[in-house]
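Good morning, colleagues. I would like to take you through one model, element by element. Please have the sequence and the coordinates open as I speak.

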Amino acid sequence: MAVASRRRLGSLLALAVALLSLLAGPAAATGKTGQVTVFWGRNKAEGSLREACDTGTYTFVIISFLSVFGHGKTSLDLSGHPTGPIGADIKHCQSKSILVFLSIGGSGGQYSLPSAQAATDLADHLWFAYLAGHRSGVHRPFGDAELDGIDLFIDQGPPDHYDVLSARLWSYNKDFRGRTPAQLSATPRCRYPDPRLERALATGVITRINVRFYGDGYCAAYWQAEWDKWTAAYPNSGVYVGLPASEQVVGYVHPKNLYYGVVPVVQKAANYGGIMIWERYADKQTNYSSYAIQWA
């Protein structure tokens with residue numbers, strides 16, 4: 001990294017730490033939080049975002065994904081959902097005190113941040129196109145609806161410059177009092193540490209971590225050891241247990257085992273945040289969130 005880039009990142013991180021101390025709340029207390037997160041946008045048959053929020057079983061919805069970025073262009077992949085109605089749906093969800101984030105990344109290979117400048121440019125794009133920033137000439141796919149934050153779901157490519165992206169996004173909060181319009185979450189793989197997100201998490205500005213305890217046989221067997229690593233490493237972030245709603249996915253936990261085996265363990269952590277469910281379409285089939293919301 002060039003000297004100028006290192007200095008710029010250093011100043012952004014210093015600002016981020018100061019802002020975090022003022023704006024971010026303490027980690028979740030031991031015990032139930034009642035928080036259930038779901039990913040929406042992975043299957044058109046899942047129904048609308050409004051419908052998801054009206055189930056009463058989610059407190060946090062993550063729209064997925066902004067799947068192309070970092071090389072001069074950006075693109076959403078919402079599995080065929082039209083973007084037109086989503087803005088009104090976002091406002092509807094927020095009116096029910098449900099936070100709505102946009103996740104960037106996913107399983108495709110059309111994204112990376114080749115430079116610190118690319119990270120800064122992406123942060124600016126996210127702020128003005130999706131968050132609380134408004135600038136003439138910038139297209140907003142969801143109209144005037146303002147998302148509550150950005151999630152990092154970085155599953156492909158090199159790990160470079162996601163720390164710059166995170167610090168830049170968080171720096172926008174400096175002009176606001178009483179609210180945090182650019183909140184940040186990350187959704188890492190369960191094996192600690194996740195090398196693609198390690199630097200971004202080290203900034204200290206990512207306040208929610210959705211650990212994916214699925215899609216990996218090792219994690220299905222040794223989830224408790226990995227959970228302990230994540231909660232110990234990020235005591236100032238709420239850490240969420242990420243579980244699949246479909247029995248077809250490795251790592252599925254039967255509701256009975258969730259209640260008797262998982263929940264009593266994870267709720268001992270002082271920074272337990274809640275349960276994250278992958279994903280809305282599967283949950284619509286199994287109604288897994290109806291159990292999660294009772295015990296989270």
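Let me begin with a term: contact means heavy atoms within 4.5 Å. This is a predicted model, in which local features need pLDDT of at least 70 and side-chain atom pairs count only at pLDDT 80 or more, while totals for chains, interfaces and linings use all residues. Residues are numbered from 1 along each chain as its sequence is written, and side-chain values use heavy atoms, with hydrogens and water left out. Helices (H or I, at least four residues) and strands (E, at least two) are DSSP runs, numbered from the N terminus. Buried means under 20% relative accessible area, exposed over 50%, and partly exposed in between, with a 1.4 Å probe and protein chains only.

I turn to helix α3, residues 86-95. Its buried residues are I86, G87, D89, I90, H92 and C93. The elements that cover them include β1, α2, β2 and β4. Just after α3, S97 adopts a positive phi of about 65°.

A glycine deserves a moment here. G41 sits in the loop between β1 (36-40) and α2 (49-53). Because its relative accessibility is 0%, G41 counts as buried. Which residues does G41 contact, leaving aside its neighbours within four places in sequence? They are E46, S64, D77, L78, S79 and H81. For D77, which is 36 residues away along the chain, the C-alpha separation from G41 is 7.9 Å.

Next, strand β4, residues 99-106. Seven of its eight residues are buried, and the strand is thus mostly covered. For pairing, the criterion is that DSSP finds at least two bridges between two strands. On one pairing, β4 runs parallel to β2 (residues 60-68), with six bridges joining them; L66 has I104 of β4 as its bridge partner. Strand β5 (residues 149-154) also runs parallel to β4, again through six bridges, and here G105 is partnered by F153 of β5.

What does α4 pack against, at an angle of about 35°? The partner is α5, and the two axes are 8 Å apart. Axes are lines fitted to C-alpha atoms, for helices over the stretch in contact, and angles run from 0 to 180 degrees between N-to-C directions. The residues making this contact are A116, A119, T120, L122, A123, D124 and L126 of α4, together with V164, L165, R168 and L169 of α5. Helix α5 (residues 162-171) is itself mostly covered, with nine of its ten residues buried; among them are Y162, D163 and W170.
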